[in-house]
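User: Hey, I'm new to this one. Can you walk me through it?

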Amino acid sequence: MDDHKIVQRNIALQREWYGEPLGDRVRRLVVAFDVSQAYLAEVLGISAPMLSQVMSGRRAKIGNPVVLARLIMLERKVLTPDVAAGTKEALRTALEDVKASRPTVNRDSFPVGLGPDETTVLGTLREIAEEENLLEAAERLDTDFPAIADLLRRAGKTE
């Protein structure tokens, strides 16, 4: 298989596994945090050449689940008000927090849904709490109870 076909296959696998090509996700973080790709690799705990290979599609996946967890942590931090506003101190603190983190990867870290009763659970939460209260509770629980925070966040979204 020639290089072009390998890259195209790897990018298709990334779409399947990660929802979109990793190059797109990483580029957004580089822009959002105003850092170099090499520094972002350091924050994630991966070598710069390895990150480059994943971004370009020469490699299909991030082999270390802790690196993927840190990538997701940074994506979530982009949504916090000070980071979204581009406050330099908030950007620096977010990067340092993620770099120093030692995330554990288990079934609670990456929830896959609740199954057929999910609609009932989300509906019940919406009945007993206001949208902003659900989102505030999710924010407070995010660090220690990410799966519960994710559930509250989904319940707090009105679509």
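Analyst: Glutamate 89 and arginine 92 join their side chains in a salt bridge, 2.3 Å from N to O. That term stands for a side-chain nitrogen of Lys or Arg within 4 Å of a carboxyl oxygen of Asp or Glu. Keep in mind that this is a predicted model: local features need pLDDT of at least 70, side-chain atom pairs count only at pLDDT 80 or more, and totals for chains, interfaces and linings use all residues. Residues are numbered from 1 along each chain as its sequence is written, and side-chain values use heavy atoms, with hydrogens and water left out.

User: Where do glutamate 89 and arginine 92 lie?

Analyst: Both are in helix H7, residues 88–100, three residues apart, which is about one turn of the helix. Helices here are DSSP runs (H or I, at least four residues), numbered from the N terminus.

User: Why would that spacing point residues the same way?

Analyst: An α-helix has 3.6 residues a turn, so residues three or four places apart point the same way.

User: How many salt bridges does the structure hold?

Analyst: There are 11. One of them pairs glutamate 20 with arginine 28, with the closest N and O atoms 2.5 Å apart. Glutamate 20 is partly exposed at 23% relative accessibility, and arginine 28 is partly exposed at 44%.

User: What does arginine 153 form a salt bridge with?

Analyst: With aspartate 142, where the closest N and O atoms are 3.1 Å apart. Arginine 153 sits in helix H10 (residues 146–156) and aspartate 142 in the loop between helix H9 (131–141) and H10, so the pair ties together parts that are 11 residues apart in sequence. Salt bridges that share partners also link Arg76, Asp142 and Arg153 into one network.

User: New topic. Which arginine is buried yet has no salt bridge?

Analyst: That's arginine 70, and the nearest side chain of opposite charge, glutamate 42, is 11 Å away. For charge, Lys and Arg count as positive and Asp and Glu as negative, while His and the chain ends are not counted. Arginine 70 is in helix H5, residues 65–77.

User: What lies 2.8 Å from a polar atom of its side chain, if we stay with arginine 70?

Analyst: The backbone oxygen of serine 101. Such a polar contact is a pair of N or O atoms within 3.5 Å; within protein, one must be able to donate a hydrogen and the other to accept it, and residues adjacent in sequence count only if both atoms are side-chain atoms.

User: And helix H4, which residues are buried there?

Analyst: Leu51, Val54 and Met55, in a helix that runs over residues 48–56. They cover an arc of only 100° around the axis, which puts them on the same side of H4. That arc is taken from the directions from the helix axis to the C-beta atoms.

User: What do the buried residues of H4 pack against?

Analyst: Helices H1 (3–18), H2 (22–33) and H3 (37–44). Contact here means heavy atoms within 4.5 Å.

User: What caps the N-terminal end of H4?

Analyst: Serine 47 does, with a side-chain oxygen 3.1 Å from the backbone nitrogen of methionine 50. After H4 comes glycine 57, whose phi is positive, near 90°.

Definitions and conventions
Buried < 20%, exposed > 50% of the residue type's maximum accessible area, 1.4 Å probe, protein only. Helix = DSSP H or I, 4+ residues; strand = E, 2+ residues; numbered from the N terminus.
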